Amino acid sequence: MQAYVHLFSPIFKYLGSKERRVSGVTTKDQLLRYLKENRPEWISGQWLSTELGVSRAAINKHVKRLREEGYIIRSSSKKGYVLIHVSEAPLPNEIREGLTTRVFGQADIHYFQEIDSTNTKAKELAEKGAIEGTMVIAESQTRGRGRMGRQWYSSPGAGIYTSLILRPTIPPLAAPKITLMTAVAIAEALLSQLDLDIRIKWPNDILIQGKKLVGILTEISSEMNVVHYIVVGLGLNVNTPRRDFPPELQNIATSLFMETGNVCSRARLIRGFLEQFEKYYNRFKQDDFHHIVARWKQLSNAIGQRIVVDIRGEKHTGTIMDVDDEGGLLLQEEQGKVLRIVSGEIEFYDSQRDANDYCVR
Ligand code: BTN
């Protein structure tokens with residue numbers, strides 16, 4: 001636990017609240033690339049200065065910035081520079097390292113040390129015309145938002161708080177499918193990297209043993225028949241120790257650290273998510289939602305569950321029969337009537353450890 005605190009503290013100390021926006025390759029990016037490629041060898045300052053076409057003073061300035069971002073770089077007047085440790089922060093450069101997507105993570109990434117809400121920022125950018133694939137990511141959120149007007153607790157430097165801008169040509173009624181699709185994408189990314197017993201709870205919470213690990217908030221701007229944009233926001237508890245959650249969340253929330261005992265690389269997890277997200281989004285655009293729902297059903301614990309669902313304040317009790325190819329939940333009520341539900345909040349009947357109250361109202 002001590003190592004965890006030590007690991008992240010330099011980043012908080014030095015990174016300001018300024019936004020770091022990365023699209024093109026900067027001199028600092030190139031410098032980092034050389035340092036990574038030559039690891040564990042030293043590179044002379046003169047060689048870097050000639051190769052990058054900038055002064056020795058400029059090299060020094062970029063090295064200082066990289067150190068502020070959490071990279072450990074040793075310097076020597078005789079030998080030059082050597083990279084000792086890569087930053088633990090989910091910086092755009094680290095997310096893009098080996099990323100195989102074409103769109104997500106390749107368009108602008110807006111990285112913040114602190115922000116009110118990545119979804120709010122993404123909506124603001126989308127209003128200004130930001131393209132599909134634009135990403136907002138933050139180390140901490142002061143007003144992270146959850147579903148149903150709740151708050152999302154964002155442990156600083158320990159979680160993934162990110163939002164993606166989408167511009168699909170779909171009718172607004174098809175937008176809930178993106179929510180289900182996102183849950184499948186993040187579940188696949190987690191399962192490909194870690195041995196976890198995860199379950200999707202309709203429509204898109206991800207739980208481990210009834211405790212909430214991931215929340216997804218999808219927001220849409222549309223007219224009757226046209227979607228202007230969709231913002232998909234993802235909150236994933238990665239390296240948060242139990243004691244760092246507020247007391248009211250300690251028994252209903254979990255993190256990857258709590259489940260595995262290991263500190264996980266957030267950049268690697270985001271990369272995995274972006275790759276899975278793009279794969280499923282392409283399938284979705286090719287009208288292959290049937291297979292996405294099929295995978296969702298395998299990953300969820302929904303079918304056959306007795307539940308109470310809250311639809312705009314009205315409670316319905318019944319058994320989940322199925323999830324249809326549009327992502328709607330089919331609930332058979334006690335009297336036999338089948339309801340089709342497209343949005344609402346599920347309370348599991350049998351579970352003591354219910355994660356519905358994960359978000360603080
Ligand atoms: C929920 O389970 O209620 C959804 C929580 C979604 C939280 C994420 S964190 C990143 C993004 N920005 C926000 O303000 N909310 C989402």
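Which polar side-chain atom lies 2.7 Å from an oxygen atom of the ligand? I found that it belongs to Ser-117. I take a polar contact as a pair of N or O atoms within 3.5 Å; within protein, one must be able to donate a hydrogen and the other to accept it, and residues adjacent in sequence count only if both atoms are side-chain atoms.

Note on the source. This is a predicted model, so I keep in mind that local features need pLDDT of at least 70, side-chain atom pairs count only at pLDDT 80 or more, and totals for chains, interfaces and linings use all residues. Residues are numbered from 1 along each chain as its sequence is written, and side-chain values use heavy atoms, with hydrogens and water left out.

A polar backbone atom of Arg-145 is 2.7 Å from a nitrogen atom of the ligand. For Arg-147, a polar backbone atom is 2.6 Å from an oxygen atom of the ligand. The ligand has 410 Å² of accessible area on its own, and the protein covers 100% of that (Shrake-Rupley method, 1.4 Å probe).

Ligand shell. I find 21 residues around the ligand, each with a heavy atom within 4 Å of it. Among the closest are Thr-118 and Lys-212. By class, I note six nonpolar, 11 polar and four charged residues in this shell. Gly counts as polar here. Helix 6 (118–127), strand 6 (159–166), strand 9 (211–222) and strand 10 (227–237) each supply at least two shell residues. Strand 9 has the largest share, four residues. Helices (H or I, at least four residues) and strands (E, at least two) are DSSP runs, numbered from the N terminus.

Largest pocket. I read a volume of about 420 Å³. A pocket is an open set of points on a 1 Å grid over the protein atoms alone, where a 1.4 Å probe fits, with protein on both sides within 12 Å along at least five of seven lines; lining residues have an atom within 4 Å of a point. Of its 21 lining residues, those closest to the centre are Pro-176, Thr-179, Thr-218, Val-342 and Ser-343. Helix 7 (176–193) and strand 9 are the elements that give two or more residues to the lining. Strand 9 gives the most, with six. The lining divides into 12 nonpolar, seven polar and two charged residues.

Ser-255. I placed this residue in the loop between strand 10 and helix 8 (256–260). Ser-255 counts as buried because its relative accessibility is 0% (buried is under 20%). Its side chain reaches the backbone nitrogen of Met-258 at 3.0 Å.

Terms used: Grid points are joined across faces, edges and corners, and a volume is the space filled by probe spheres set on the points. Buried means under 20% relative accessible area, exposed over 50%, partly exposed in between (1.4 Å probe, protein chains only).
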